[in-house]
Structure formats: structure tokens, C-alpha cells
Amino acid sequence: MITSFLVIILINFAINNFVYKSPSRFKLPADFLKGHPLISVLIPARNEEKNIGRCLRSLVKQDYGNIEILVLDDNSDDDTSIIVDGWSKKDSRIKSLKGKPLLTGWKGKSYACHQLSQHAKGEYLIFTDADTLHFPNSVSSSIAALLSNNLDALSVFPKQIMVTIHERMVVVFINLAVMALMPLALIRKIKSPKVSIANGQFMLFKRKIYDSIGGHRNIKKDIVEDVAISRQIKKCGFRFMVFDGRINIYCRMYNGFREVVRGFSKFIFASMNYSIIKMVAVISLVLILFLVPLILFPIGFYVIRWPLIINVNLLIQISIIFIIRIVMTFRFRSRILDIILHPLSMFYMMALSVNSVYQAKYGKGIYWKDRVYDMDDGEELDKQEFDI
């Protein structure tokens, strides 16, 4: 059964390598260029003084000129707003907005995006994070992909910059989930909202579609807001796809061990709808498929001396695991050394999954961007009560 599952995953992985296209493959149609509609680039920023300058520097170099860049300072306690104000004086396309205090019932990022949408004037809305770096064609190519594929919205997955070993062992699972575990070819074809995935680091909407689905207002309580809004798009009957942005956008999600723990602990359990049963089932399946064969093969071959058929099956399973990791390494230009560290990567994910459940159920709450949320009601807690 395990071998059969892995063969299916390998087939899906092979298909995804063709389906998962770069937006750069598409060109803007002539009628769009003639009309030259306004595109709003919207950036929620909370304590982003280290990132926002680089992000804006990359966005002002876009090869599509008719854009407005709105940055909302989400009640930062650093110099985020000062930096954005400085950029707005250099480039009239950049506008600095002051975010309102977080309302009851909202999560921070969704409320920031909601406020940005109220100020945006463009026919197309691009929501992107402050820690992203954009190539000159990131805006134009994403619009081209949207129009060429007759879509209503899309999400582009940036190339993830992974520096420390902690980042490399964990962030790689984003690519693994997308490439191996998600049937990308079915996201647009199947109407079920459950068959969807997205990355909030870059999401593009037709303005009228964003408004018709209720925008971020309808997913205001969701921690994993990007996946939630992609499901809302499909639930309303609109067309949605994801694209490979490794040559369009860069992003370093987390800087070091502490941010990795906080970031993944935030969304792993949330992605399972805070269901212990679902969490145990999914994590157990992932471990059985991607870790157990690596443990059982040496035991069965050298210690227990299992029959040849069992060892051959285990060897096939291990081969599939490493074929996937090798192809991913070359496609996303990761470090070759990390291939052989795959078992360590799995142990990282297991530990983070346990911590995600503990923090949400029995710990101090869900911590993100200097805010702490109570999992039971989703309300923001006083972070001064916690030793963070």
C-alpha cells in the first residue's frame, strides 16, 4: 500500500512539473496594453523596517508603469512608516497609509488587506508581502498569466530564500506540499473549495471578483488567510490557479530558528482546522510515506533479514522519495546536501507539528507579527501577559 501511494504521488509530481508554470511564459495582450488599466499593488506592513525598503525598491522598477503602490503601516512600533514616507516622497506612485487599530473578530493581516482594498483604485489588485523582492516583470507577467488562462484570480509562489539549516529543513516542505501532494491540474477544473492552495506572499484578483466574494471580510477570522480566500474564490464559482514564481519573485519567509518555529507553529495546526484527529492522520501519513521507509530498510536488510520482496518494496519507496527530492533540488536550486538530510527535515516537521498543537491548545496562544491570538475565539490577547 505504501509503495502504491508513493507511485501515485510520483505520477502526480511528474504531472505537476509540467502544470506548474512560470508567469513569465505569458505576454500581455495588445488590447490590455492599449487600455493600460491601473493596477494596485497592496502591501500590509507590520514591523517591517528591515524589509520594506528593498521591497519598494524592486516594485518601482516594474516594466508596467501604470501602477499604484499602497503600503499600510499596521500599527508598527518600529520605523516602517518613516521608511515608507521617505519612499512616497521619491515616487508619487507610492502612498503611505496608517492602519486602524485591530477590530474585534479580525486577524491582523486580513484586516490590513481589507483596509488596503478600500483605498485601492485599480482594476486589478495585487496583495504582496513586505519581505518579497520583485523582478521587473512580476506585475506584468502575473497579469498576463491571469488573462491568458482566463482566470479571475491567481497566486504566485515566490522562490524561497533559505539560509540557515533550520530554514532549509522546514521551508522546503512548502515546495514538497505543492509539487508532490497537491493535484495542481485539478485546482481550476474541480469546483470543490477543498482542492485549493495559495500563497499570501503574492495574490492577484480582478477587482470586481475580489469585491463579489466579500474580499478579506469573509475570511477575517482565518489564520491561514491565503488558503481561505482561495477557497472562497472557488466556493463562489470563479476560476483560480497557482503559478511558479521562482524567476519572478524572491522571499525569505523566516530568519533563523525562532521565526521558523513561530511561523510554522502558526499555520500547521490551523491548516487542519484545529482538528486533532485530522492532524494526527495527516502527519502520520506523511511520516509513513516519507520517513518510515528510510528507517525500516536498514533494519530489515541488516538486522531482521526480511524477505527479499519486503526489502525490494522498501528500496522502491526510498527511490521515489529521493527522486522527488533530487528533482525539487534542481528545479528550485536548493542545496544538494539537503537531499541526504531529508530524514532530519522530517523530524523538524514532526516537532513543529507537535508544537503547533501545543501552542494552540495548551500554550499561550497563536503568536504572529507581535500579536497573540486565542485559538478558541480568535481574539487578540494582550502580548504583555506572555513571555515572548
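User: What makes F205 and F264 stand out in the largest nonpolar core?

Analyst: Of the 67 residues in that core, F205 and F264 touch the most other members. A nonpolar core here is a set of buried Ala, Val, Leu, Ile, Met, Phe, Trp, Tyr and Cys residues joined through side-chain atoms within 4.5 Å. Helix α8 (residues 172-181) gives the most to this core, seven residues. Helices (H or I, at least four residues) and strands (E, at least two) are DSSP runs, numbered from the N terminus. Keep in mind that this is a predicted model: local features need pLDDT of at least 70, side-chain atom pairs count only at pLDDT 80 or more, and totals for chains, interfaces and linings use all residues. Residues are numbered from 1 along each chain as its sequence is written, and side-chain values use heavy atoms, with hydrogens and water left out.

User: Which residues does F205 touch?

Analyst: Leaving aside residues up to four places away in sequence, F205 touches E123, Y124, L125, F127, D152, A153, Y210, I213, I229 and I233. Contact means heavy atoms within 4.5 Å.

User: Why is C251 called buried?

Analyst: Buried means under 20% relative accessible area, exposed over 50%, and partly exposed in between (1.4 Å probe, protein chains only). C251 has a relative accessible area of 1%, so it is buried.

User: And what does C236 count as, and why?

Analyst: C236 has 35% relative accessibility, so it counts as partly exposed.

User: Why is strand β2 said to be largely enclosed?

Analyst: Seven of the seven residues of β2 (residues 67-73) are buried, so the strand is largely enclosed by the rest of the structure. I67, I69, V71 and D73 point one way, while E68, L70 and L72 point the other way. In a regular strand, side chains alternate between the two faces of the sheet.

User: What makes β1 and β2 a pair?

Analyst: Two strands pair if DSSP finds at least two bridges between them. Strand β1 (residues 39-45) and β2 have seven bridges, in the parallel sense. L42 stands opposite L70 in β2.
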